[in-house]
Amino acid sequence: MEILKMDNVSLTYQTVESETKAIENLSLVVEDGEFIALVGPSGCGKTTILSLASGLIKPTGGTVTLMGKAVDRPSADTGYMLQRDMLFEWRTIERNVLIGPEIRRSLDAERRAEAEELLKKYGLWEFRKHYPNQLSGGMRQRAALIRTLALRPKLLLLDEPFSALDFQTRLSVCNDVHKIIKSEKKTALLVTHDISEAVSLADKIVVLSQRPATVKSTFTIDLDAPTPLKRRESAGFTKWFDTVWKEVSV
């Protein structure tokens, strides 16, 4: 089942003095349950694609659909994780996790129970009354992901969600996030500059061209390992890294 489809999408940014083509005739399909990573040269429009998928901006050409319906505005069917966790420091972890349903006025006993189950399942229940500054960077990212899942999104958009973490924490959090997304059977579209991260996390890697971005190539990653850390240790990891790196660099 297609969750997200971009069909010949183009986007041109216009100012009084000039216009810039960011994306041109880009087509992309994300199927139910897939974890797809977008990589490409710096400034090629990766984050712009997430903005189009989320409905934050509209294309100047082509169509964007989510589960067959045109995307023309932000919706609860899409969850967005940014580079920083953006937790509210004055709210407890529990109250941070529940903020989405609160804002949408959908916080009932069922939603609260779902959030509590996620906190228990992924190791944050005993810290639910703590404040964000009392948690490690990795725990904060887990809390941010659980906050996103509490809205029951069909598609997760991940905009370099690990880039603010140190390398060791980053490896651990990649494992945590991958486990949560796969356990909850969510569909995810990740933007990253880190090819190692893309190879270790994704089912497919989509390589974008220089701006204006279009899909240059797509790779299905066939590493037989259950976690990102195990993938990094597998025999085929270096081959895939080199393959994607060469495609991005050409």
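At 47% relative accessibility, Asn25 counts as partly exposed, a term for values between buried (under 20% relative accessible area) and exposed (over 50%), taken with a 1.4 Å probe on protein chains only. The model is predicted, and local features need pLDDT of at least 70, side-chain atom pairs count only at pLDDT 80 or more, and totals for chains, interfaces and linings use all residues. Residues are numbered from 1 along each chain as its sequence is written, and side-chain values use heavy atoms, with hydrogens and water left out. Helices (H or I, at least four residues) and strands (E, at least two) are DSSP runs, numbered from the N terminus.

Asn25 and Glu160 each have a positive phi without being glycine, as the table sets out.

| Residue | Phi | Location |
|---|---|---|
| Asn25 | about 50° | strand β2 (residues 19–31) |

Glu160 is buried, with a relative accessible area of 13%.

Turning to helix α4, Arg111, Ala115, Leu118 and Leu119 are buried there. Seen down the axis of α4, these buried residues fall within an arc of 100° (the arc of the directions from the helix axis to the C-beta atoms), so they line one face of the helix. They pack against α2 (93–97), α3 (99–103) and α5 (137–149), where contact means heavy atoms within 4.5 Å.

After α4 comes Gly123, with a positive phi near 75°.

Elsewhere, the peptide bond from Arg211 to Pro212 is cis, with omega near 0°, and Pro212 lies in the loop between β9 (204–208) and β10 (215–220).
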